[in-house]
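Reader: I would like to go through this model term by term. Please set each value against its definition.

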Amino acid sequence: AEFVKIETALPHNHHLELTPDHLLKAEGRFVKASSVKVGDVLQGDHNTQVKVTKTKTIVRKDGIYAPLTPSGSIMVDGILASTYVSL
């Protein structure tokens, strides 16, 4: 499966790997992972702002995970993401 790897300025190499249509909060609104660019600001835990330092497309052979939460959001490595994808 194809993923977008988004690296951030958080310490300890925090990053997210999401499908291109997966949603996360960037620049104050939920957007597709494929539209996130270097310099964009993501929402971190405790409403902190986290700057994107690098993005790239990767391919993984170990499958896709799709956790669902009651709120529709999930905190992954200190970054707020949605459990939904854009249709």
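Author: pLDDT is the predictor's confidence in each residue, on a scale from 0 to 100. The protein chain averages a pLDDT of 88, and 95% of the residues score at least 70. This is a predicted model, in which local features need pLDDT of at least 70 and side-chain atom pairs count only at pLDDT 80 or more, while totals for chains, interfaces and linings use all residues. Residues are numbered from 1 along each chain as its sequence is written, and side-chain values use heavy atoms, with hydrogens and water left out.

Reader: Where in the protein chain is confidence lowest, and where is it highest?

Author: Confidence is lowest in β8, at a mean of 87, and highest in β6, at 94. Where pLDDT is low, the predicted coordinates should not be read in detail.

Reader: How many helices and strands does the protein chain have?

Author: It has zero helices and eight strands. Both are DSSP runs numbered from the N terminus: helices are H or I with at least four residues, strands are E with at least two.

Reader: What makes the protein chain as compact as a globular protein of that length?

Author: The globule rule is 2.2 Å times the number of residues to the power 0.38, and the radius of gyration is taken over C-alpha atoms. For 87 residues the rule gives 12 Å, and the radius of gyration of the protein chain is 12 Å, close to that value, so the chain is as compact as a globular protein of that length.

Reader: Why is Thr8 called buried?

Author: Buried means under 20% relative accessible area, exposed over 50%, and partly exposed in between (1.4 Å probe, protein chains only). Thr8 has a relative accessible area of 8%, so it is buried. Thr8 lies in strand β1. Beyond its neighbours within four places in sequence, Thr8 is in contact (heavy atoms within 4.5 Å) with residues including His14, Leu42, Val52 and Ile79.

Reader: Why does Asp40 count as buried?

Author: Its relative accessibility is 10%, so Asp40 counts as buried. Asp40 sits in the loop between β4 (29-32) and β5 (41-43). Its side chain reaches the backbone nitrogen of Lys37 at 2.9 Å. Not counting residues up to four places away in sequence, Asp40 touches Glu27, Ser35, Val50, Lys51 and Val52.

Reader: How do you know that β3 and β4 pair?

Author: Two strands pair if DSSP finds at least two bridges between them. β3 and β4 have four bridges, in the antiparallel sense, and Leu24 has Val31 as its bridge partner in β4. The two strands form a hairpin with two residues between them, and Glu27 in the turn has a positive phi of about 55°. β3 also pairs with β8 over two bridges, again antiparallel; there, His22 is partnered by Val85.

Reader: What makes β8 largely enclosed by the rest of the structure?

Author: Five of the seven residues of β8 are buried, so the strand is largely enclosed. Four bridges join β8 to β7 (residues 73-76), and these strands run antiparallel. Val76 stands opposite Ile79. β7 and β8 form a hairpin with two residues between them, where Asp77 in the turn has a positive phi of about 50°.

Reader: Which residues touch the most other members of the largest nonpolar core?

Author: A nonpolar core is a set of buried Ala, Val, Leu, Ile, Met, Phe, Trp, Tyr and Cys residues joined through side-chain atoms within 4.5 Å. Of the 14 residues in the largest one, Ile6, Leu24, Ala33, Val36, Leu42 and Ile79 touch the most other members. β1 (2-8), β2 (15-18), β3 (22-26), β6 (49-59) and β8 (79-85) each supply at least two residues of this core.

Note on methods: A polar contact is a pair of N or O atoms within 3.5 Å; within protein, one must be able to donate a hydrogen and the other to accept it, and residues adjacent in sequence count only if both atoms are side-chain atoms.
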